[in-house]
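Please keep the sequence and the structure at hand while reading.

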Amino acid sequence: MNKHEEYKDDLLSQYMSPDYTESAPEGFTPKIMNRIRLEKAPVVVTEKFLKRNLVPIISVVVILVLIIAEILVSGNESDPAVLTFLGLLKNIRSSMPEPDLSSLFKISLPSVLTYVFIGMLALVFFDRALYRIFHREK
Amino acid sequence: MDYKGDIYYIERVLSGKSNCFSYIVEKHKDRAYNLAFRICGNHEEAEELAQDSFLKAYRSLGSFKMKSSFSTWLFRIVYNTTISHVRIKKKGVLSLEDFPADATDFIGSSPSEDEAEIEYRSSLVSFALQKITDEERGLITLFYYEELSTDEIAEVTGISKSNVKVKLFRARQKMQMIIEKAEKEKIAYHE
């Protein structure tokens, strides 16, 4: 920026500052209040529980479905009604390496903690994904 | 009386004490009026637009999220109300001839030559401001007069932060060119 441009920019900063703010005319507030007295009182808009908590609800439902599916797969597999679906889940599960966090931390963890840990990671993942969907930048 | 913060008065208005809205108006009226005036360039219209904006804010007060900034929320209402108004009612564009040619033109109304020079430059900047587009005028006002950050301007106007920066840069360049042209005209006028 050369000196001439700096002068021009200074001129803008100098004469467009809060010191040069135009004040509202006399009687501005009473005029508004006269109009407001004719208005109905504003009502607090409360969002429905479902709408307000849509993201965590979807996350929890997805995780619960996964956990229930996991429990059912490892349990009784003789029920023909869910056999196809559970068989598919089992195939997916068996194709993935068995998580063994106890060897990672050198301590013996109860197996349920493994699933809790995976569930937490999945929750975080879904929360981030849903946040991006519902709070996408305009 | 000490101002107890926007949220305090908003909660009181929402609990049925509508008169408490006057504290909010008193606190924000100048900034709201200034924003409307800088965009539309007319005192009467600016007053009307600022009043309409406060009224809209009052009606929508129930949907205001207490975690966000009230002034930014109000600015968004003023900005949108004023921009919509000036877009509907396009006014005549000023020509360079409309601008007084010299600081000496201001001496009659100013006690000293220095003050006349200040008044001249201030008018030059105001003149340049009226020559740019409504949207640019809004951005320049929020940036310079209201001293909002580009993040806040993006929130008020709904334009992305990067776009705000680009538009501000262009608006500044335009204003600088207008000021330069007006000053050249002044020199030519004296020659």
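## Helix packing in chain B

In which hand, left or right, does helix 3 of chain B cross helix 4 of chain B? In this predicted model, helix 3 of chain B passes helix 4 of chain B in a right-handed crossing. Helix 3 (residues 43-59) and helix 4 (residues 70-88) of chain B pack at an angle of about 130 degrees, and their axes are 9 Å apart. Because angles from 65 to 115 degrees count as roughly perpendicular and those over 145 as roughly antiparallel, this angle makes helix 3 of chain B oblique to helix 4 of chain B.

## The nonpolar core

The largest nonpolar core holds 52 residues, of which B:Ala32, B:Ala36, B:Ala50 and B:Val78 touch the most other members. Helix 2 (residues 21-40) of chain B provides the largest share of this core, with eleven residues. Leaving aside residues up to four places away in sequence, B:Val78 touches B:Ala32, B:Leu35, B:Ala36, B:Ala50 and B:Ser53.

## Where the chains meet

Between the chains, 31 residues of chain A are in contact with 37 residues of chain B. On the side of chain A that touches chain B, the elements giving two or more residues are helix 1 (3-15) and helix 2 (28-37) of chain A, and helix 2 of chain A gives the most, with eight residues. The residues on this side of chain A comprise 17 nonpolar, five polar and nine charged.

Notes
Residues are numbered from 1 along each chain as its sequence is written. Chains are lettered from A and ligands numbered from 1 in the order in which they are written. This is a predicted model: local features need pLDDT of at least 70, side-chain atom pairs count only at pLDDT 80 or more; totals for chains, interfaces and linings use all residues. Axes are lines fitted to C-alpha atoms, for helices over the stretch in contact, and angles run from 0 to 180 degrees between N-to-C directions. Helices (H or I, at least four residues) and strands (E, at least two) are DSSP runs, numbered from the N terminus. Angles under 35 degrees count as roughly parallel, over 145 as roughly antiparallel, 65 to 115 as roughly perpendicular and the rest as oblique. A crossing is left-handed if the near helix is turned anticlockwise from the far one by less than a right angle, and right-handed if clockwise. Two residues are in contact if their C-beta atoms, placed from the backbone, lie within 7 Å. Ala, Val, Leu, Ile, Met, Phe, Trp, Tyr, Cys and Pro count as nonpolar, Asp, Glu, Lys and Arg as charged, and the others, Gly among them, as polar. A nonpolar core is a set of buried Ala, Val, Leu, Ile, Met, Phe, Trp, Tyr and Cys residues joined through C-beta atoms within 7 Å. A residue is buried if 20 or more other C-beta atoms lie within 10 Å of its own, exposed if 12 or fewer, and partly exposed in between; C-beta atoms are placed from the backbone.
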